[in-house]
Amino acid sequence: MKGLRYQLKSVLRDKFCLMTFLLPIVVAAVLHFAGQIDFSSLGGFQFGVVENGEAVKAAAWLERYGSVTVYESQEELAEGINEPSTNVIGVEADGDGIRTIVSGDELDMYRQTAKKLPDLYRHRKRLAQAKVQVLERPDVLAGFQDMFMAVTLIVAMFMGCTFNAMNMISEKEDGVASVNEILPMSRSQYLLQKISVGFICGCLSAVLTAGICFRLSAQDTVIMLMLIILSGFVAALFGLIIGRAAEGLMVGMVYIKIVMLLFIAVPILSFLVGGSHPFLSAVCYLVPSQAAFEGIMDLSAGNTAEVKDMVILVSHCIVWFLLYLGMFGRRRSFLKFLKG
């Protein structure tokens, strides 16, 4: 127990580990806050007219389709139209009708609207008699918000990889690893301490992130905890393998980035491709984050996570644990050979 406390204190003194622990939590809070903001008004039409111009008479009609800004002079109207950060459509009187002015850097939707607007105004009386059905505008980000939250939780789940890898690499560079080899500590005690460091920190970060991102029932909360525990254990094993394989900090950082890129990119690729490529979807399960990602997406959609995802994560736990034991055993045998 004292050894575990020492390992945790060593990790908490590392600023990089603290940053990786807090990053998913901060991102989850930002996504949760952004999800409560209504961005629909940002896509509305903006019209501009001159205060003393004849086009002011059309302002009431224009307000049916968007917001109207009244400018004091023609120069101010031109500045508003040419402002790159806006999509203001200038409106001027043209006899009994109107004509529109655009700068040319607007989106195609606004240019097409400006082109059709004079015809709509000319036939406004006839159009007033028509029955108008306003369709709900689809939210483009709505389908991806759950995916963003799931990816953020995946990052938190597999942060244990970073904790363990950085801890072991730091021990190598400080010479602590050589001291550990002569301490009266069994192989199982050493393995338990190292796994616990990444497992505890990764699970704690994932639990806090999940609490911010999702509102789950009691049953779904238990399933989410199982996903977090299994993913945290796999991540801790990956961290041990990286920490043992990397001889220096820079090499370790490269390994960590590669692993984290796979953990994040593979679920996103599978999500975007969908079920159109069954073989690709099956290959994605070779990365443990894919099963965790599917379980999280099922829970966020109000469904129960499939048993298949749990079985795949358990299989990853067993395979990577045996792989690490094999690496540890080969190194011990090699050291005995050199000494003997």
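The model is predicted, so local features need pLDDT of at least 70 and side-chain atom pairs count only at pLDDT 80 or more, while totals for chains, interfaces and linings use all residues. Residues are numbered from 1 along each chain as its sequence is written, and side-chain values use heavy atoms, with hydrogens and water left out.

**Overall make-up**

- The protein chain holds 15 helices and four strands, where helices (H or I, at least four residues) and strands (E, at least two) are DSSP runs numbered from the N terminus.
- Of the 340 residues in the protein chain, 40% count as buried; buried means under 20% relative accessible area, exposed means over 50%, and partly exposed lies in between, with a 1.4 Å probe and protein chains only.
- The accessible surface of the protein chain is about 19,600 Å², and 64% of this surface belongs to carbon and sulfur atoms; the areas come from the Shrake-Rupley method with a 1.4 Å probe, and for residues only the protein chains shown count as cover.
- Among contacts between residues at least 6 apart in sequence, 70% join residues at least 24 apart, a contact being heavy atoms within 4.5 Å.

**The sheet and its helices**

- Four strands make an open sheet in the order β2-β1-β3-β4, with mixed pairing; two strands pair if DSSP finds at least two bridges between them.
- Strands β2 (66–71) and β4 (97–101) stand at the edges with a single partner strand each, so one side of each has no neighbour in the sheet.
- On average, neighbouring strands of this sheet are turned by 35 degrees against each other, direction ignored; axes are lines fitted to C-alpha atoms, for helices over the stretch in contact, and angles run from 0 to 180 degrees between N-to-C directions.
- Helix α4 (residues 74–82) packs on the sheet, where it touches β1, β2, β3 (88–94) and β4, and the direction of helix α4 makes about 140 degrees with that of β3.
- Helix α5 (residues 108–122) also packs on the sheet, touching β1, β3 and β4, with its direction at about 170 degrees to that of β4.
- Strand β1 (residues 45–50) pairs with β2 in the parallel sense over six bridges, whereas β3 and β4 run antiparallel and are joined by five bridges.
- The strands β3 and β4 form a hairpin with two residues between them, and Gly95 in the turn has a positive phi of about 70 degrees.

**Gly48 in strand β1**

- Gly48 is found in strand β1, stands opposite Thr69 in β2, and counts as buried at 0% relative accessibility.
- Leaving aside neighbours within four places in sequence, Gly48 is in contact with Thr69, Tyr71, Leu77, Val88, Ile89, Gly90 and Val91.
- Although Gly48 and Val88 are 40 residues apart in sequence, they are 6.4 Å apart in space, C-alpha to C-alpha.

**Salt bridges**

- The structure holds three salt bridges, each defined as a side-chain nitrogen of Lys or Arg within 4 Å of a carboxyl oxygen of Asp or Glu.
- The side chains of Glu92 and Arg99 meet in a salt bridge of 2.5 Å, N to O; Glu92 is buried with a relative accessible area of 13%, whereas Arg99 is partly exposed at 39%.
- Arg111 forms a salt bridge with Asp108, the closest N and O atoms being 3.7 Å apart, and both residues lie in helix α5, three residues apart, about one turn of the helix.
- Arg122 is exposed with a relative accessible area of 53%, while Asp119 is partly exposed with 38%.

**A nonpolar surface patch**

- Val251, Val254, Tyr255, Ile258 and Leu262 make a nonpolar surface patch of about 410 Å².
- Patches are made of residues with over 30% relative accessible area and no salt bridge, with like charges joined within 9 Å and nonpolar side chains (Val, Leu, Ile, Met, Phe, Trp, Tyr) within 5 Å.
- Leu262, one of the patch residues, has its place in helix α12 (residues 249–273) and is partly exposed, with a relative accessible area of 44%.
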